[in-house]
Structure formats: C-alpha cells, structure tokens
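Look at the model below and find the ligand first. The paragraphs that follow start from its surroundings and then turn to a single residue elsewhere in the text.

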Amino acid sequence: MKVLLVNPEFPDTYWSFRHALPFEGKRCAFPPLGLLTVSGLLPRSWKRRLVDLNVHSLKTLDIEWADIVFASAMLVQKDSLRRVVERCKARGKRVVVGGPYVTTTIEGLPDADHVFLGEAETTLPQFVQDLEHGDTQRSYQAAERPPLSVTPVPDFALADLKRYSAMSVQYSRGCPFQCEFCDIIEIYGRVPRTKSNQQMLAELDALLRLGWRGTVFIVDDNFIGNKKNVRQLLPELAEWQERNGHPFTLLTEASVNLAEDSELLAGMQRAGFQRVFLGIETPVEESLKEAQKSQNTRRDLLDSVKKIQSYGMEVMAGFIVGFDNDPEDIFERQIRFIRESAIPLAMVGLLTALPDTQLWRRLEREGRLLGEASGNNTNCSLNFVPRMDPARLIEGYQSIMRTIYSSREYYERALNSLTRTRQDISLPKHYNLISAVAAFMRIAVKLGLLDRERREFWRYFSQAIAKHRDNFDDALRLAAMGYHFRKLNEAYSDS
Ligand code: B12
Ligand code: SF4
C-alpha cells in the first residue's frame with residue numbers, strides 16, 4: 001500500500017507566525033503531529049509520503065502515486081481540506097479524513113470514503129484489518145479514549161524538518177478543568193492521560209537522531225493536567241537534556257495554577273522550558289466565573305504571570321473578549337493587563353462558540369447561535385449574538401489589537417519580558433551561526449531599513465544590546481514576532 005498523508009493549508013492566524021517565519025528562512029511553525037502519529041500506527045510495510053501544504057504544494061504526481069490518501073484538519077483548514085478531498089477523489093483515490101475538525105463539525109463533511117472521529121490509536125488498526133478483508137466502514141469511532149501507552153513514536157522522519165521552525169511532541173491529552181468555551185475536554189476528555197517517561201524520551205531521542213536542535217513544542221493543552229505524572233517526568237527530562245548537551249528548548253501550554261507550584265516551576269526550568277502559553281482569558285472576575293474558569297478566579301493573575309516569568313519562562317497567553325459579563329471598559333482593562341503582565345505574544349480573540357462545547361449548547365438553548373465558526377478567533381467574525389453591541393465589540397477588539405501591537409507598546413513589553421525572564425545561569429544555545437547571521441540580516445533590513453516603524457526598531461535594538469546581550473537571540477525572535485502580529489492586525493483591520 002502507498003499512503004499519501006496530506007495536511008491542508010492554514011490561513012494567516014496568530015499561531016501561523018507567517019510574517020515572522022521568513023526571517024528564519026522557514027516555511028511553517030510546526031509539523032502536523034496528528035498525521036505523523038497516524039503514520040506511526042500504519043503497518044511498517046506500507047510506503048508513506050507526507051505533503052504539508054504549508055510547506056510544499058500538492059502535485060498531481062503525488063496523488064497518482066498513492067493508493068490511499070489520509071488527510072487531517074482543524075476547523076480553520078476546512079476549505080483547504082475540501083479542495084484536497086475533491087482533487088484526490090477526482091483521481092479515483094480512496095480518501096480517509098480525521099482530526100479535530102472532522103470530529104466536531106456539524107456541517108456536511110467533504111465527500112471522503114472514510115471518516116475517523118476522535119483518536120485513532122484503536123480504530124486505525126481495525127480499519128487496516130477491515131481493508132485487508134475488503135470489509136470497511138464509512139465511519140470509525142473508538143468506543144473509549146485510548147491510553148497513550150498505545151501511541152507510537154510519530155514518524156518524524158516523514159516531515160521535511162529543515163522547513164519548520166520547531167518540532168512537536170505530545171505528552172498528555174485531556175484537561176481536568178471545565179471551561180465553558182473549550183472543545184478540548186469534549187474531544188480528549190477531562191481525565192488527562194499521559195505517555196510514560198520512556199515514551200517521551202524515545203520521542204526526543206528520535207528527534208535528536210534526525211539532527212533536530214532548537215525548539216520543541218510539547219503540544220499538550222495543559223501540560224500540568226496530570227501533576228503527579230509530570231512531577232515524575234521532569235527530573236528524567238532534565239537528566240536527558242543534560243546528558244545530551246541541552247539540545248532542545250521547550251515550549252508548552254499550561255493552566256495558570258502552574259504559578260502556585262514552585263517545585264513544578266523549578267522542575268520545568270531545569271528541564272529547559274523557556275516559554276509557556278497560559279489561558280488567562282480576562283482579568284474580569286465575573287467573566288471568568290461565567291466561563292467556569294475557576295482556576296483563574298482564585299488568584300492574582302498578574303502575580304501569577306510574574307512568578308512564572310521569574311523561573312526564566314516567557315509567558316505567552318490567550319485573552320478573550322465577548323463574554324456576557326464583560327463591562328464597558330473591558331478593552332482598556334485587557335490592554336492594561338497585557339501591558340502590566342509583560343506578555344509580548346498575547347493572543348487576543350473574540351469569544352467563539354466551537355461546536356459540541358458547553359458554550360455552544362447554552363447559546364443554542366438561548367437562541368443566540370449564528371452558525372459554525374471559521375475557527376479563526378482573530379478575524380473579527382462572531383458566530384453568536386453577544387450581549388454587547390456587536391459593532392462596539394468588534395471595534396473594541398480592534399482597538400486592543402491596534403494598541404498592543406503598535407511598535408512602541410509591543411517593544412516595551414518585549415523588553416520587560418526579557419528583563420523578568422533573565423537568568424543567572426545560561427544554558428548552551430544551539431543554532432547554526434550562518435543561519436543566525438542570515439536571520440539577523442533579514443531582520444535588520446526589513447525592520448531596520450524598509451519598515452516605516454524603523455525608529456522604534458532601532459530604539460528597541462539598542463536597549464536589547466545594552467541590557468539583554470545574553471539573550472539577544474530571544475530579543476531578535478521577539479522583534480520578528482512583533483512584526484508578524486502587526487501585519488496580521490493590519491490585514492484583519494483592513495478586511
Ligand atoms: C499543536 C497545535 C497547533 C499547532 C500546529 C499543528 C499542526 N501543524 O498541525 C499550531 C500552534 C500551529 C496550531 C495553530 C492553531 N490551532 Co491548534 N492545536 C494544536 C494542539 C495543541 C495539538 C495538536 C496536535 O499535534 N495533537 C497531537 C495529535 C497526535 O493529536 P490529533 O491531531 O488530535 O491527532 C489524533 C486524532 O485526531 C486522529 N487524527 C488526526 N488527524 C487524522 C487524520 C486521519 C486520516 C485519521 C485516520 C486520524 C487522524 O489521530 C491522531 C492520533 O489519535 C491542538 C489541541 C490538541 N490537543 O490536539 C490544538 C487545536 C487543534 N488547535 C486549534 C486551533 C483553534 C488553532 C488555531 C486556529 C488557533 C489560532 N487562533 O491561531 C491555529 C490555526 C492554525 C494555524 N497555523 O493558523 C483547535 C482546533 C479546534 C477545531 N475544532 O478545529 C485545537 C483543538 C485546540 C483548541 N481547542 O483550541 N495548533
Ligand atoms: S484549562 Fe484550557 S484546556 Fe483546560 S478546560 Fe480550560 S480552556 Fe480547556
């Protein structure tokens with residue numbers, strides 16, 4: 001069997017980092033881990049080829065080569081997924097689709113032959129057997145969520161590693177909390193399942209063998225969802241990093257209660273975590289209660305961010321406007337919070353009702369749903385009737401984005417973040433000198449010469465040189481990211 005794995009195209013979003021990647025000479029932020037994992041579940045005798053449309057185009061020759069096509073998608077990739085399925089079907093190929101969009105959508109799916117709902121660890125082996133017996137079904141859904149002990153090491157070698165800015169691995173699935181808008185708990189459940197320490201280290205070994213050095217994103221929705229297991233993982237992870245000369249800097253997502261656990265923070269720091277994405281959502285207590293985000297209501301959120309930063313981890317975070325309880329001054333309050341917390345990469349979005357969430361069900365009961373969302377929470381579209389006047393909400397949202405990503409404001413946050421995350425001991429850095437010099441030249445030309453905000457760039461640059469020489473690569477990375485957000489923001493405010 002020859003299987004073609006296709007990752008559809010992403011639009012320009014917060015996480016696409018599309019305007020920042022060219023500085024690094026990369027095409028895409030992360031590889032499609034879902035498909036690499038699916039590939040690991042297929043018989044070793046099958047021949048496989050991966051086409052990530054965010055990196056390479058899909059050639060007719062690739063489609064013709066394949067006996068069967070596997071495609072995965074998030075909601076934001078649905079249009080591209082539809083086009084992929086149509087092209088492959090037009091060539092008479094058997095097409096299989098899966099992933100979060102396919103699992104949760106309420107719309108008609110593209111006309112694929114087989115649809116996988118949920119995780120594929122147990123259903124895919126069943127499908128392979130059915131295929132051998134010529135007795136396949138249209139839809140496969142696992143009766144239970146699989147333990148991650150059955151998840152194979154993803155087939156990282158399939159991806160064109162040098163095109164990506166970071167690699168991904170996954171430690172856990174699921175989250176114990178119950179935020180009203182969240183689809184993770186619906187798709188992956190509220191009992192966090194983890195891989196074993198051996199599995200994790202085997203995945204890191206695989207990346208190391210392939211020559212990867214640099215950022216590795218542990219893509220868990222809440223890395224500390226199962227604190228007991230994480231506590232056992234971290235010392236082994238730290239030892240592994242030490243043994244191998246600290247080849248990876250780690251990035252993950254976690255809930256804000258991470259701040260209350262100094263032991264966990266110290267463990268993460270030792271293991272090489274340098275960035276963590278938090279779900280802060282809003283500084284407004286009433287809106288947090290409405291969202292059932294109790295883990296954020298019991299603490300001072302600004303202090304929590306500061307504490308995490310003091311362990312050398314840059315805090316990235318998600319913020320939301322559009323809750324029923326948002327006061328009139330919500331926009332100013334979000335701006336103030338983001339400024340004071342020194343979070344350079346703040347993902348601010350309009351509240352979105354994703355299918356099959358508690359929020360979706362409540363809004364449906366209240367007759368306020370307008371249809372399935374685009375999946376892109378930063379493109380100024382609403383899929384429900386908000387309590388606040390929609391025009392005021394969108395204008396307020398845009399005012400947040402304009403303010404926080406204006407050059408001066410952004411660079412100020414970046415400098416503050418660099419100060420707060422500064423550490424006495426610095427770990428070895430792994431980068432290719434030629435690529436680093438090339439990236440610096442690209443940034444200097446684009447932001448320091450061609451860009452209309454060049455004065456702000458040089459102001460930032462001189463302060464970074466003066467105060468953050470040890471972390472200068474981080475300062476440059478943040479400059480490139482700031483450019484991405486400014487461009488993204490301009491694109492959406494013009495649309
Ligand atoms: C890593 C990640 C990303 C990465 C990139 C992923 C990539 N290159 O594919 C980045 C950071 C770029 C990203 C971006 C975004 N993401 Co994202 N992301 C994730 C995250 C945290 C992990 C994905 C992952 O690798 N999982 C590990 C793999 C092993 O799991 P899996 O993909 O589910 O695959 C399993 C099954 O689904 C199934 N399967 C998957 N595909 C297929 C295909 C076939 C054929 C079969 C048979 C089975 C199958 O088998 C696998 C093994 O069980 C998920 C949450 C999550 N827990 O999965 C959110 C998630 C997928 N992202 C989400 C969103 C909303 C976004 C953004 C829109 C956010 C934004 N506003 O910018 C952007 C859009 C993309 C972009 N670039 O513009 C949502 C999607 C919601 C939806 N219903 O579609 C999720 C669920 C998180 C959430 N609730 O917010 N994301
Ligand atoms: S903490 Fe994050 S992953 Fe967990 S339920 Fe809330 S939004 Fe979902």
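This is a predicted model. Begin with G99: one of its backbone N or O atoms lies 3.5 Å from a nitrogen atom of ligand 1. L75 also approaches through its backbone, with an N or O atom 2.7 Å from an oxygen atom of ligand 1. With Y188 the side chain takes part instead: an N or O atom there is 2.5 Å from an oxygen atom of the ligand.

Now take the whole shell. Around ligand 1 there are 40 residues, and those that come nearest are T13, E121, D183, Y188 and D221. Sorted by class, the shell holds 23 nonpolar residues, 12 polar ones and five charged ones.

Which helices and strands each supply at least two residues of this shell? They are the helices α2 (33-41) and α5 (100-104), together with the strands β3 (68-72) and β4 (94-98). The most comes from α2, which gives four residues.

The last stop is N222. This residue sits in the loop that runs between β10 (214-218) and α9 (227-243). Is N222 buried or exposed? Its relative accessibility is 1%, and buried means under 20%, so N222 counts as buried. Its contacts can be listed as well. Apart from neighbours within four places in sequence, N222 is in contact with S172, C175, P176 and F177, and also with E253, A254 and S255.

Note on methods. Residues numbered from 1 in each chain as written. Chains lettered and ligands numbered in written order. Predicted model: local features only at pLDDT ≥ 70, side-chain atom pairs only at ≥ 80, totals over all residues. Heavy atoms only, no water. Near = heavy atom within 4 Å. Polar contact = N/O pair within 3.5 Å; in protein donor to acceptor, adjacent residues only side chain to side chain. Nonpolar A, V, L, I, M, F, W, Y, C, P; charged D, E, K, R; others polar. Buried < 20%, exposed > 50% of the residue type's maximum accessible area, 1.4 Å probe, protein only. Contact = heavy atoms within 4.5 Å.
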